[in-house]
Number of protein chains: 2
Amino acid sequence: MTAHFSTVRPPLPDTLVSELQAHFGERFSRTQALREQHGRDESAYPIMPPDGVVFAESTDDIVATLRSCTNHGVPVIPFGAGSSMEGHVLAHQGGISIDLSRMNQVLAIHAEDMTATVQAGVTRRQLNTALRQTGLVFPIDPGADASLGGMAATRASGTNAVRYGSMRENVLGLTVVTAAGRVVRTGTRARKSSAGYDLTRLFVGSEGTLCVIAEVTVRLYPEPEAAAAAVCCFEQVSDAVNAVIQTIQMGIPVARCEFLSANMIGAINAHSKTTLREAPTLFFEFQGSSEGVKEQSQQVQAIAHELGGQDFEWATRPEDRSRLWNARHNALFAAQQSRPGCRVISTDTCVPISRLAASLEGAAHILTQAPFPSMLVGHVGDGNFHALLLVDPDSPHEMAIAEQLNERIVRLAVAMDGTCTGEHGIGLHKMPYLAEEAGEDAIDLMRIVKRGLDPLNLLNPGKMFSLEPTPAPTA
Amino acid sequence: MTAHFSTVRPPLPDTLVSELQAHFGERFSRTQALREQHGRDESAYPIMPPDGVVFAESTDDIVATLRSCTNHGVPVIPFGAGSSMEGHVLAHQGGISIDLSRMNQVLAIHAEDMTATVQAGVTRRQLNTALRQTGLVFPIDPGADASLGGMAATRASGTNAVRYGSMRENVLGLTVVTAAGRVVRTGTRARKSSAGYDLTRLFVGSEGTLCVIAEVTVRLYPEPEAAAAAVCCFEQVSDAVNAVIQTIQMGIPVARCEFLSANMIGAINAHSKTTLREAPTLFFEFQGSSEGVKEQSQQVQAIAHELGGQDFEWATRPEDRSRLWNARHNALFAAQQSRPGCRVISTDTCVPISRLAASLEGAAHILTQAPFPSMLVGHVGDGNFHALLLVDPDSPHEMAIAEQLNERIVRLAVAMDGTCTGEHGIGLHKMPYLAEEAGEDAIDLMRIVKRGLDPLNLLNPGKMFSLEPTPAPTA
């Protein structure tokens, strides 16, 4: 947490307050409680409250907010479910937090086309509930019950990405509102298109810095005919990781493939009342036809067996699979609980699959130097994992060490032609890492796009990258 | 072909000619033959030659060309294999054509990561030849032996996209040269990333208007353990299309799924010496494990049978499959040959899968009014097909009618929430259709990006969209 924040800033202009009150009534608030609630997320940052909160219920509400704020030169920060890990929603430059959680209408389910269009505040669980009678699912699953607008904004993915891709592959189109308050629809419902610049993909992952996302159209998938989950543990981390690498290199279409370190399993056992053996462990899920699931699972079991995998345990009943994946999804809370009062700082590197072992073992080695506990968990089928650093937020020493170790883990991944963030995004926290990974020339192109689309720098300002060129090192 | 082109323009500045001669020697040419060769493609446009041609052999050559041309305010048009269908490479505003075909080095094959990095001029067949010993393939197959730079620039796809996606999903990263001559690398070799704006996807599909692509990093896939192709014909177009719709809605992972109209089959029989029955026909390819291929093909056969599909014929030997897909790939030439002297104007609409029948039958109905022959062929598993309009290029009447019918087919697709181009791109030809499909607000965002990245409008100028706002209709 090396960034510095000014706490002194001008109050909201009275005319803006009047405009927002006139338009939104009680849906515009400046109470301390609401401001604080919108000034924090799942990152380890202290609360940075906005100057006011608007609850949007329609695209028109977003337009009104952006027009008023742009006229007054006041920042606007989109707020979904607040489940960001990287400080995306913090108002370190003040302004208005626009809460989209009431934009929670599922607008259209085109079951016959396997697409759905939702307002930005709809969460992935809500969408899947709405899909229940259709035989279709929206598989992208970052763990948290995030909003689809937020997931699009951070290019989220999660456990299923190894098979279904990330939001990059699964958003067909967006309705966005620009800084000037223009409503623009990008993309169509066609599965592919060569029609013009890919504005959809430009906005997916733009973290609220180029537009406010109002609606999201996503791809859906047929509910698999059969599914099975399996748990397998290994003597060594390297054996588990090599089993993953071979599975991916053989092209076995696993639906999920998760690694958990031995102490991560311990924390999960304590939190979720499971009785898993405390060893380096892989969780798998297989989906497809009955035959396909059988074939995939036999192939993976053979690979795991060769590498000394033990206790290959099956969960085919839906309730058993749910229990397993709930335990996995609660890993973050399990980690938190294992050191009362701690905050979790999570790394998020992703590397080419052949470097997974070196990247994961390298991270484990780096973390042996930590004065606090740490655990490893992640979507290893994509080359993506998280080191969870359990720091005492009241210890500047621990916080500083955590950032140093985080940086070393990132540098290791970038040196392997990987990325500092597989799925969490940049936000405030990873700005120096993006600069290092992408390089000044690429960041310059991003600056050009940002300046063009948000000339007053009011959309989630100060996130992702600095608008000023990085000063050259003094010799 | 409604666009108008000025043929009077200033000659290349002498100082630019001297600079290019000094840098490139004989690799810079102004001979009529080379200029004409670089002023045409597979579209029906007349030749529009550039003022000179540069043969780049390295990224540095691209930098030198762009620096010199930018200094002199002269347009630069990237040229790959010349297989564009939409006039992308035509020099209607003059300038320098930068031929990238000699940038044909496969720079790296990371078999263990299933990625390859190539120079922009490497063609898909060349890459697959280089992959022969690895057990991996690059499946994206637009039919023509296009260059990977060109395929990235047009967001190409083709027969395999129903399973593997388009260039949008399969380009991991690019090395590009900006108008100012800066070399920028976008993306990493990680399978997924949330690190910053998605510059890779911004440049994929930008048709040479934002940068010149120098290197492309793509995903590879394990060669399937088993593959089988099948041909099935139907009494009615609607039955064939409904078989496709059901196949896709069931989530059967077909690798290819192509429709051919009865007269298209006739033309193919004449061109490729095949003996297929002249009826509405589907070509399928199934890939996977032996069990998987068997299961998929049984499922599809059952669907086809229900809809009266006949003569379900199998091709499992590689040479038989090759013969079938070569016949399909030569459909364009077969169509051309069926009316000597004709040019083919191809539509390229793509619609949500449930609208495929209405879209395809609507196109067939519209084409009953054509005074020239037409055939239907396409990647129907994606909702994408081509109406091939066989026009006499010397008949202004036929050319005008062809454009009118093309426009009606496009409008039908756009009204179904589809796109005017599934894979060919906009180029010169589809500019009015992009404007109609995307709308003025989205085009305005594209203009902002274009002006930011190419402030002098020298990169393939005048393609995709007009930089000037569309005038409001006078009441």
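The model is a predicted one, in which local features need pLDDT of at least 70 and side-chain atom pairs count only at pLDDT 80 or more, while totals for chains, interfaces and linings use all residues. Residues are numbered from 1 along each chain as its sequence is written, and chains are lettered from A in the order in which they are written.

Chain A splits into domain 1 (14-99), domain 2 (106-222), domain 3 (224-325) and domain 4 (339-430), with bounds from an automatic or database domain assignment. Between domains 3 and 4 of chain A, the centres, taken over C-alpha atoms, are 23 Å apart. Here 17 residues of domain 3 are in contact with 15 of domain 4 (C-beta atoms, placed from the backbone, within 7 Å). On the domain 3 side, helix H9 (237-249), strand S13 (256-260) and helix H10 (262-272) each give two or more residues; helices (H or I, at least four residues) and strands (E, at least two) are DSSP runs, numbered from the N terminus. H9(A) gives the most, with 8 residues.

Turning to H10(A), its residues A:Met264, A:Ile265, A:Ala267 and A:Ile268 are buried (20 or more other C-beta atoms within 10 Å of a residue's own, with C-beta atoms placed from the backbone). Down the helix axis, the buried residues of H10(A) fall within an arc of 160°, so they line one face; the arc is that of the directions from the axis to the C-beta atoms. They pack against S13, strand S14 (281-288), helix H12 (318-329), helix H13 (331-338) and strand S17 (374-378) of chain A. Just after H10(A), A:Lys273 takes a positive phi of about 55°.

Definitions and conventions:
Contact = placed C-beta atoms within 7 Å. Buried ≥ 20, exposed ≤ 12 C-beta atoms within 10 Å, placed from the backbone.
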